[in-house]
Amino acid sequence: MKHTAQRDWRVTRPSRKTRFNFDQTTALGGLTLALFTYIIYHFIYPLISKGLLW
């Protein structure tokens, strides 16, 4: 019997589909949003509340 390569090269994926896929882009976006929020509430907001920025 001759050995042959498998003809079906499709990647098998799990049949269960998730609504939210947590990947690297999502993690970086979340960290960016958290850093932006930190900067606003700890540096920008006190300047606004004291009247120094506007």
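**Rings and a helix**

Reader: How many aromatic pairs turn up in a search of the whole structure?
Author: Rings of Phe, Tyr and Trp (its six-membered ring) pair if their centres lie within 6.5 Å. This is a predicted model, where local features need pLDDT of at least 70, side-chain atom pairs count only at pLDDT 80 or more, and totals for chains, interfaces and linings use all residues. Residues are numbered from 1 along each chain as its sequence is written, and side-chain values use heavy atoms, leaving out hydrogens and water. Searching the whole structure that way, the number of aromatic pairs is two.

Reader: What kind of pair do Tyr-38 and Phe-43 make?
Author: Planes under 30 degrees apart count as stacked, over 60 as edge-to-face and the rest as tilted. Here the ring centres sit 6.2 Å apart with planes at 80 degrees, so Tyr-38 and Phe-43 are edge-to-face.

Reader: And what about Tyr-41 and Tyr-45?
Author: Their centres are 6.4 Å apart and the planes make 55 degrees, so this pair is tilted.

Reader: Is Tyr-41 buried or exposed?
Author: Buried means under 20% relative accessible area, exposed over 50%, partly exposed in between (1.4 Å probe, protein chains only). Tyr-45, at 49%, is partly exposed. Tyr-41 has 56% relative accessibility, so it counts as exposed.

Reader: Where does H1 bend?
Author: The bend is the angle between axes fitted to the seven residues ending at a residue and the seven starting there. For H1 that angle is about 35 degrees, at Ile-40.

Terms used
Helix = DSSP H or I, 4+ residues; strand = E, 2+ residues; numbered from the N terminus.
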